[in-house]
Structures are given as structure tokens and as C-alpha cells.
Amino acid sequence: MKFGLSPSSSCCLQEEGFPYHSIEEVSHLLKRFTKDRACDQGHQLYESLKKHHLETHPSFGNDIVSMLAELGFIHDAHHVFHKLDHKNEKSWHSLIMGYIETDKPHHALSLYREMGKNDGYSGGHIFLPFL
């Protein structure tokens, strides 16, 4: 059974057993763990979201990709990124930069090329790390 957050941003969870109470709480934690470089807490949050099939939730799926990539969990970031229905510029940029920082420039360049084809992002400012 899939757990889910209500579309209402302040609504509580529809099912019991999930430790977070709102979209705002999850979004806040994603940003805080990224800013604080809290790798263990960030990955625990991701695992909890994944357990409840929420890692691609439209309200914070792109932020999960960004957090995972910025904390060095590039494999997990890649996994979530490719499951997202709608990717934003932040998730494209974070994953590309994550590949660069983990010494995978060929993956970064491939993703950059894919970005131009799929979601219409020009990626001009993302191109700078390739120079």
C-alpha cells in the first residue's frame, strides 16, 4: 500500500506509521539537511520517504534529488531523478554537479545533453562547469 501526503500543504498524513506530519516539515528538513551537510540525517529522511513511496512526491521530489546529490549520494539521486514525472532546473543542475563532484564527467555531459532534449531547459549557466 502506498502512503501519501494530502495535496493540501498543511494537511496531516493520510496513513499512520510515517514520522513526518506535513509537506512543509519534509521540505524544511530537506533544505536544513542540505544546508547543514547532514549526510546521515539526510539519507535517513530519504530512506523513510522511499519506504513509504514518497521519494518522487510532486511537492518535494526535486528537492530530494538536490539534497542527495549535494550530500554525495549520487546513485540515490540518479535513481529518484529518473523516476520523477516533472524535473525542475534545480534537480537537473544538482545531479549534473553531483556527477562532476564525484568524478563522473561523462555522466554529467550525458545528462546535460538529455536536459536540452527533454524539458526544454537551455542549461546555459550549467554549462560553465564543463569549461
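Quick housekeeping. This is a predicted model, where local features need pLDDT of at least 70, side-chain atom pairs count only at pLDDT 80 or more, and totals for chains, interfaces and linings use all residues. Residues are numbered from 1 along each chain as its sequence is written, and side-chain values use heavy atoms, with hydrogens and water left out.

Okay, the whole chain. Of its 131 residues, 44% are buried. Buried is under 20% relative accessible area, exposed is over 50%, and partly exposed is in between, with a 1.4 Å probe and protein chains only. On the contact side, take the pairs with a separation of 6 or more: 49% of those contacts come from residues 24 or more positions apart. Contact here is heavy atoms within 4.5 Å.

Let's start with helix 2, residues 39-51. Its 13 residues reach 18 Å from first C-alpha to last, close to the 18 Å expected at 1.5 Å a residue. That expected span is 1.5 Å times one less than the number of residues. Which residues of helix 2 are buried? Gly-42, His-43, Leu-45, Tyr-46, Ser-48 and Leu-49. Those buried residues pack against helix 1 (23-35), helix 3 and helix 4 (74-83).

From the helix 1 side, have a look at Val-26. It's buried, at 0% relative accessibility. Skip its neighbours within four places in sequence, and Val-26 is in contact with Tyr-20, Leu-45, Leu-49 and Phe-60. Tyr-46 is 20 residues from Val-26 in sequence, and the two C-alphas are 10.0 Å apart in space.

Arg-37 is partly exposed, at 49% relative accessible area. In the loop between helix 2 and helix 3 sits His-53. That one isn't a glycine either, and its positive phi is about 60 degrees. His-53 is partly exposed too, at 43%.

On to the helix pairs. Helix 3, residues 61-70, packs on helix 5, residues 89-101, at an angle of about 20 degrees, with the axes 8 Å apart. So helix 3 is roughly parallel to helix 5. For the definitions: axes are lines fitted to C-alpha atoms, for helices over the stretch in contact, and angles run from 0 to 180 degrees between N-to-C directions. Under 35 degrees is roughly parallel, over 145 roughly antiparallel, 65 to 115 roughly perpendicular, and the rest oblique. The crossing of helix 3 and helix 5 is left-handed, that is, the near helix is turned anticlockwise from the far one by less than a right angle, with clockwise being right-handed.

Who's touching whom? On helix 3 you have Asn-62, Asp-63, Val-65, Ser-66, Ala-69 and Glu-70, meeting Lys-90, Ser-91, Ser-94, Leu-95 and Gly-98 on helix 5. By class, that contact has three nonpolar, five polar and three charged residues. The classes: Ala, Val, Leu, Ile, Met, Phe, Trp, Tyr, Cys and Pro are nonpolar, Asp, Glu, Lys and Arg are charged, and the others, Gly among them, are polar. Zoom in on Ser-66 and you'll find it buried at 2% relative accessibility. Leaving out residues up to four places away in sequence, Ser-66 touches Lys-90, Ser-91 and Ser-94.

Helix 5 also packs with helix 4, at about 150 degrees and with axes 10 Å apart. That makes helix 4 roughly antiparallel to helix 5, and the crossing is left-handed. Ile-74, Ala-77, His-78 and Phe-81 of helix 4 make the contact with Ser-91, Trp-92, Leu-95, Gly-98 and Tyr-99 of helix 5. That contact divides into six nonpolar, three polar and no charged residues.

Last stop, helix 6, residues 105-118, where you'll find His-107. His-107 is partly exposed, at 36% relative accessibility. Between His-107 and Leu-95 there are 9.5 Å, C-alpha to C-alpha, at 12 residues apart in sequence.

Key: Helix = DSSP H or I, 4+ residues; strand = E, 2+ residues; numbered from the N terminus.
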